[in-house]
Amino acid sequence: MSWTRLLAVARKEIVQIRRDRRSLGIVLIMPVVLMLLFGYGVSLDLKHLPVYVYDQEGSQQSQDLLKRFQASEYFQVVKAVDNYPEVIRAIDGGRAAMAIVVPYDFSLQLRRGGSVSVQAVIDATDDNTANVLIGYTQAVISGYSEELQVNWLQQHGGQQLQAPLSVDTRTWYNENLESRAFIVPGVLALVMSVIGAFLTSLTIAREWERGSMEQLISTPVTPLEILLGKLIPYFVIGLIDVGICAAIAVFWFQVPFRGSVLTLLVGSALFMVVVLCMGYFISVVARNQLAASQLALVATFLPAFLLSGFLFAIEQMPAAVRVITHIVPARYYVAALKKIFLKGAPAAMLYTELIPLAIFALVLAVLATRAFHKRLV
Amino acid sequence: MFARLKQMLIKEFLQVFRDKRTRFVLLGPPLLQMLIFGYAATFEIHHVPTAILDLDHSSESRELVSRFQSSPYFTLLPPLTTHRDISEAIDHGDATVAIQIHPGFAQLLRNGQTAPLQVIVDGTNSNTALIAAGYVNQIAKGFGREYQHDRMERLRPSSAAVVPSVQLEERPWYNTDLRSRWFFVPGVIGSLTLVIVVTLTAFAVVREREIGTLEQIMVTPIRPFEFILGKTIPFFLIGLADVTLIGTLGTLWFGVPFRGSLLVLLLGTVLYLICMLGVGLLISTISATQQQAMITAFFFVMPAITFSGFGFPISTMPQWLQYITYLSPLRYFLVVLRSVYLKGVGMESLWPQMSAMAALGFFLLTVSVLRFHKALD
């Protein structure tokens, strides 16, 4: 291996990157845009969900119950209606996420004693929203019900009954349960994957397509030198992007950063090597830019988005898919990121993530070097 | 005109289907993505790994533990023995929820006092944490309610039956079992079509320019309008084929119900594809190389998908961002898709979305055709 030749390839690649101002600019603002996109756009913290109420009784007591929905920040009572078809139309048209229907004999039944049902019609197209809605509604209703019982017992001269159980819930690592703190660290993995996918996957395919590969092959440069020369510039860009992303996460979105910068760097560098080599490998195999870009999308970006635990919890996936996630490098990087940002895990606790990443990096680097032959066919 | 257009179309189809890799790219990735999405994209929470530290060892505490055991939402890990085990289990991510039953739990209950139950939740994944905490509460509340009821029955058998209480009767419409798959699969049809059609169209013209064949086309008698039609019609057809393929797979393989009318879906798809072709052409006119086109396309695709309500409710975004979401054609198509699939509603509910897509499509296509004329000169 010759350093001069390696540097020559790297310089050629840098010139090519620099000449394409737009691509360079985009690569540097991409992390910013993706960060803002996910920081602001991706949230599962549901609040102010539009609710219709249909009070069939219209008594003091039914209004009391409905007022509690008004007072909660999770609901926004947008309209009170007085017939069922209007409820159906609102849910069909997506104007209401839920409709609360209080039965016509609500207070009468309560006076008689025993259990009364309040109906909640929910648009469950989005199962997650529906699930959270049911939880919040349940909380409002059971709170109301408990107060009713306490009052009733007091009035009937029974002894003061205390609630038998109190649940004291503590949330660790993400105390306010903000989905932003959960999502933003993982965006780093996405940004890295995108850079690997979109930049390196085209670099060799482009040479083939433009015919400059013949010229490259006729020089004494070795495959390893081409690999390193082509990838080092992107590696540097990638690390700069990691810095930008981490800065935005911590300073703009106020995501806690409890780990060490060094572990973040080591993990990111390993993952960079993985995605760059993967992109390079795809580029060598695909030979045309259209196919390379699509393949890269499927091989790097998509798994990083879906199978890494970035958004969707891995332990909730079917067993077969869970097995597949073990061969997704992004899975380990995302897990490491979350541990570093939120848990403040020291390097010693990260070996389950860093060792697989290192193995992936090694295997892919070997694959990428082997795949490229200096032949024209 | 038709003779020339026909020749152009033949050339385009040849170009797309000639290359083995491109042929694969048109079919393989969409199918693969559909499968991964169908299986991996889920916000459903089942089998939350849960560790229990029972320091009371009473029949009451065992009864409570057995309730967690029989719940489908929790998977119990081997019982813990010391307080230290809790932090270890949560730190390592072995357990998402840890429950501690203090010594004296049963004594407090028997005395009619409130017994505390300590619950620790790993908040790293805020969504899982929120829903899991809700389930813990439900089980604990249910246990408390029944314990209370039993005790009252023993103390004053007559009163237990008449204490008033309010219950929630939830009716999740359209997706009664709250399946994530039903929510995501129709959405995948829209987002996959977006990715495929926009990137293909964006590459179409740039590729000719980069390889140098655009000049050859310019010297033929073909008119710009015919050229544009020739470039877009194949991708329009490919888009339609993809929607059909993915849609069929969604219903037959994943069992997502199709309750609406095919005609409504077809109309929505055509309008949506026109928007996508407009965007793709526009990117094609402002890009000089395929790499640029790829990155620019990505810059459209990511926000368009994130801001469409594909995975994250639009109502959780900041207000200013919600206005931006109106610019994403996918936002409207998703409503059409989910309504047609799950709700089974027709034009009477969907006309606003249809007109929005028609307007956007007309605008995008006009702008891109105008720019295209200029770019060709």
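**Domains**

Begin with chain B and select its two domains: the centres of domain 1 of chain B and domain 2 of chain B, taken over C-alpha atoms, are separated by 49 Å. Domain 1 of chain B is made up of 7-42 + 179-376, and domain 2 of chain B covers 48-161; such bounds come from an automatic or database domain assignment. This is a predicted model, in which local features need pLDDT of at least 70 and side-chain atom pairs count only at pLDDT 80 or more, while totals for chains, interfaces and linings use all residues. Residues are numbered from 1 along each chain as its sequence is written, and chains are lettered from A and ligands numbered from 1 in the order in which they are written.

Now select chain A, where the assignment gives domain 1 as 3-42 + 178-371 and domain 2 as 49-155. The C-alpha centres of these two domains of chain A lie 49 Å apart.

**Chain A as a whole**

Display chain A as a cartoon. Its secondary structure comes to 14 helices and five strands; helices (H or I, at least four residues) and strands (E, at least two) are DSSP runs, numbered from the N terminus. The radius of gyration of chain A is 29 Å, well over the 21 Å that the globule rule gives for 377 residues, so chain A is more spread out than a compact globule. Here the radius is taken over C-alpha atoms, and the globule rule is 2.2 Å times the number of residues to the power 0.38. Along its principal axes, the C-alpha trace of chain A spans about 95 × 45 × 40 Å.

Of the 377 residues of chain A, 47% count as buried. A residue is buried if 20 or more other C-beta atoms lie within 10 Å of its own, exposed if 12 or fewer, and partly exposed in between, with C-beta atoms placed from the backbone. Among the contacts in chain A with a separation of 6 or more, 80% are between residues 24 or more positions apart; two residues are in contact if their C-beta atoms, placed from the backbone, lie within 7 Å.

**Strands of chain A**

Select β1 (residues 49-55) and β2 (residues 75-81) of chain A, which run parallel and are joined by six bridges. Two strands pair if DSSP finds at least two bridges between them. Tyr54(A) has Val81(A) in β2(A) as its bridge partner. Between β1(A) and β2(A) the chain passes through helix α3 (residues 60-71) of chain A, in a right-handed β-α-β crossover. Right-handed here means that, with the strands pointing away from the viewer, the path from the first strand over the helix to the second runs clockwise.

Next, select β3 (residues 98-102) of chain A. Four bridges join β3(A) to β4(A), and the two run antiparallel. Opposite Val101(A) stands Gln119(A) in β4(A).

**Across to chain B**

Which strand of chain B is joined to β4(A)? It is β5 (residues 165-173) of chain B, which runs parallel to β4(A) and is joined to it by nine bridges.

**Individual residues**

Select Pro185(A), in helix α7 of chain A. Pro185(A) is buried, with 28 other C-beta atoms within 10 Å. Leaving aside neighbours within four places in sequence, Pro185(A) is in contact with Ala249(A), Val255(A), Leu337(A), Lys338(A) and Phe341(A). The C-alpha atoms of Pro185(A) and Val255(A) are separated by 8.1 Å, although the two are 70 residues apart along the chain.

Move to Gln254(A), in the loop between α9 (223-252) and α10 (261-286) of chain A. Gln254(A) is not a glycine, yet has a positive phi of about 60°. Gln254(A) is exposed, with 12 other C-beta atoms within 10 Å.

Finish at His57(B), in the loop between β1 (48-54) and α3 (59-70) of chain B. His57(B) has a positive phi of about 50° although it is not a glycine. Is His57(B) buried or exposed? His57(B) is exposed, with 11 other C-beta atoms within 10 Å.
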